[in-house]
Amino acid sequence: MNAPGPFPILRIFLRSMLIQGAWNYRGMQHLGFLWAQLPALPRAEAARRQALGRAFEFYNAHPYLCGYLLGAAARLEEEGQGEALARLKRAAIPPLGAVGDRLFWAGLKPLSGVLAVLALLPAARHPGGSLLLALGVGAALLATAAYNWAHLAWRWRALREGHRLGLGVSAAIRALASHPLVAGSSTALALAAGLALPMALPWAAGAGDQAGTGLFFVVALASWQLPARSWTLPLLLVALLAAWTL
């Protein structure tokens with residue numbers, strides 16, 4: 001096997017940033033997948049034409065996790081097993097979409113936003129504190145940078161792992177569902193939201209610090225159960241009522 005080396009892999013990685021740039025109803029992300037895969041396609045005309053046809057087939061999964069299939073596709077084309085790509089796509093698309101939505105859209109992305117809110121709340125409660133404001137803005141920027149570092153690092157790791165494993169990447173994709181970060185991000189989001197809610201609502205409603213402190217402990221403790229139980233709406237209503245009445 002002739003490995004493509006760092007430059008083709010880097011080119012695929014950079015191109016994968018635009019995998020949704022030509023989204024359409026026919027193949028959804030297939031044009032972006034094709035464009036990202038171009039650096040890894042065979043140079044011989046006949047083989048390249050066949051590879052283009054395979055890359056053009058339907059593709060739609062979470063954009064941050066496309067590297068698993070792009071890396072595996074590059075490996076398969078190198079080894080002359082490109083015909084297995086369609087089968088691999090069909091098997092991998094559902095778990096990549098489900099895990100990516102849970103990890104990023106429902107976990108790390110809102111978590112970074114809630115952490116940014118938490119960082120800025122002390123400055124909002126005490127408008128005259130320039131130091132609090134500077135610290136809050138810095139922490140909010142840090143939360144944003146941490147999220148972007150996390151998803152970019154995962155995208156690069158996925159591409160490298162997909163290329164290393166080839167067809168074996170299907171097992172790695174199945175294992176994603178049990179990754180600690182997938183479950184842990186939801187729990188962390190629930191806790192962060194539980195911390196932010198009782199701090200924000202009394203301030204917005206003009207309630208006293210005592211009310212805020214009580215809500216802080218109640219909601220923070222209960223937030224650990226938010227992913228497992230349907231407490232979100234009742235807890236929010238109770239917090240709203242308490243913020244306006246205490």
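I take a contact to mean heavy atoms within 4.5 Å. With that set, I began with Ala-92, which touches Leu-69 and Ile-173 when residues up to four places away in sequence are not counted.

**Entry: ground rules.** I am working on a predicted model, in which local features need pLDDT of at least 70, side-chain atom pairs count only at pLDDT 80 or more, and totals for chains, interfaces and linings use all residues. Residues are numbered from 1 along each chain as its sequence is written, and side-chain values use heavy atoms, with hydrogens and water left out.

**Entry: confidence.** I looked up pLDDT, the predictor's confidence in each residue, from 0 to 100. The chain averages 77, and 72% of the residues score at least 70. Over residues 1-5 pLDDT stays under 50, and there the model has nine contacts beyond four places in sequence. Where pLDDT is low, the predicted coordinates should not be read in detail.

**Entry: the chain.** I took helices (H or I, at least four residues) and strands (E, at least two) as DSSP runs, numbered from the N terminus. The chain has 10 helices and zero strands. I call a residue buried under 20% relative accessible area, exposed over 50%, and partly exposed in between (1.4 Å probe, protein chains only). Of the 246 residues, 43% are buried. Among contacts with a separation of 6 or more, 75% join residues 24 or more positions apart. For accessible areas I used the Shrake-Rupley method with a 1.4 Å probe; for residues, only the protein chains shown count as cover. The chain exposes about 12,800 Å², with 67% of it supplied by carbon and sulfur atoms.

**Entry: Ala-92 again.** I placed Ala-92 in helix α5 (residues 85-125). Ala-92 counts as buried because its relative accessibility is 3%. From Ala-92 to Leu-69 I have 7.8 Å, C-alpha to C-alpha, across 23 residues of sequence.

Entry: Met-28 sits in the loop between α1 (6-16) and α2. I noted its phi near 60°, a positive value in a residue other than glycine. Helix α2 (residues 30-37) is mostly covered, with six of its eight residues buried. The buried ones are His-30, Gly-32, Phe-33, Leu-34, Ala-36 and Gln-37. I then checked Gly-32, which counts as buried because its relative accessible area is 4%. Leaving out residues up to four places away in sequence, Gly-32 touches Leu-18 and Ile-19.

**Entry: the cavity.** I defined a cavity on a 1 Å grid over the protein atoms alone, as a set of points where a 1.4 Å probe fits but cannot get out; lining residues have an atom within 4 Å of a point. Grid points are joined across faces, edges and corners, and a volume is the space filled by probe spheres set on the points. I found one cavity of 30 Å³ or more. The largest cavity has a volume of about 40 Å³. Its lining consists of Ser-16, Tyr-64, Cys-66, Gly-67, Leu-70, Arg-155 and Leu-159. Helices α4 (67-78) and α6 (130-165) each supply at least two of the lining residues. I sorted the lining into four nonpolar, two polar and one charged, with Ala, Val, Leu, Ile, Met, Phe, Trp, Tyr, Cys and Pro as nonpolar, Asp, Glu, Lys and Arg as charged, and the others, Gly among them, as polar.

**Entry: Ala-153.** I found Ala-153 in helix α6. Ala-153 is partly exposed, at 31% relative accessible area. Its C-alpha atom lies 9.9 Å from that of Tyr-64, 89 residues apart along the chain.

Key: On a 1 Å grid over the protein atoms alone, a cavity is a set of points where a 1.4 Å probe fits but cannot get out, and a pocket is an open set with protein on both sides within 12 Å along at least five of seven lines; lining residues have an atom within 4 Å of a point.
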